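Here is a short briefing on one protein chain. Please keep the sequence and the 3D view open while reading.

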Amino acid sequence: MQVINEQTNSMIDNLQVVNQILERNGYNPAKLIPILQQIQEEFKYLSKDVISYVANSLNLPASRVYGVATFYAHFSLTPKGKYVFRLCDGTACHVKKSHGILNALYAKLNINAENNTSKDMLFTVETVSCLGACGLAPVMVVNGEVHGQVTPEQAIAIVDELIAAEKAAK
Ligand code: FES
């Protein structure tokens, strides 16, 4: 029963956040893309329920909102971990052995390219093309924080620090 209550509370909290974003954008259907971007910034992905809710709120067909969400690679329809590691695999980073970092993260988190989120939903590892900071190659961004000239050992140390912080917060 407590689990159900917690889930219900979290759904209501999520709905409030979505409503605030819709309000901030004046429920303007022309602002669909920024609305979806802001929602994704909050939840790290766009759930089916959120897509339907946004469509209803903006008086748009759900297929239209879904179409936009699937057209842009930037949007994700699957849940991501609390910490999203975006590892650059552009030319400069590739040459500087970004794949070694990727393999180290995959092994550490027991994930791979198809299943790139850890089972505990703490970590997602993605590869992206050039992040525009080639002078710092290889580059990795963790929840918006840029790390340059990263080594596999440093990437693992970041994971360990985040795991320790999560344990300390419990
Ligand atoms: S290739 Fe990685 S930042 Fe440009």
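This is a predicted model: local features need pLDDT of at least 70, side-chain atom pairs count only at pLDDT 80 or more; totals for chains, interfaces and linings use all residues.

**Strand pairing**
- Strand E1 covers residues 83-88, and strand E2 covers residues 123-128.
- E1 and E2 run parallel and are joined by six bridges.
- Within this pairing, Val 84 sits opposite Thr 124 in E2.
- E1 also pairs with strand E3 (residues 140-142), and these two run antiparallel.
- Three bridges join E1 to E3.
- Arg 86 has Val 141 in E3 as its bridge partner.

**Helix packing**
- Two packed helices are described by the angle between their axes and the distance between the axes.
- Helix H6 (residues 98-109) packs with helix H7 (residues 152-169) at an angle of about 35°.
- The axes of H6 and H7 lie 8 Å apart.
- H6 and H7 make a right-handed crossing.
- On the H6 side, the contact is made by Gly 100, Ile 101, Ala 104, Leu 105, Lys 108 and Leu 109.
- On the H7 side, Pro 152, Ala 155, Ile 156 and Val 159 make the contact.
- Sorted by class, the contact of H6 with H7 has eight nonpolar residues, one polar and one charged.

How values were computed. Residues are numbered from 1 along each chain as its sequence is written. Two strands pair if DSSP finds at least two bridges between them. Helices (H or I, at least four residues) and strands (E, at least two) are DSSP runs, numbered from the N terminus. Axes are lines fitted to C-alpha atoms, for helices over the stretch in contact, and angles run from 0 to 180 degrees between N-to-C directions. A crossing is left-handed if the near helix is turned anticlockwise from the far one by less than a right angle, and right-handed if clockwise. Two residues are in contact if their C-beta atoms, placed from the backbone, lie within 7 Å. Ala, Val, Leu, Ile, Met, Phe, Trp, Tyr, Cys and Pro count as nonpolar, Asp, Glu, Lys and Arg as charged, and the others, Gly among them, as polar.
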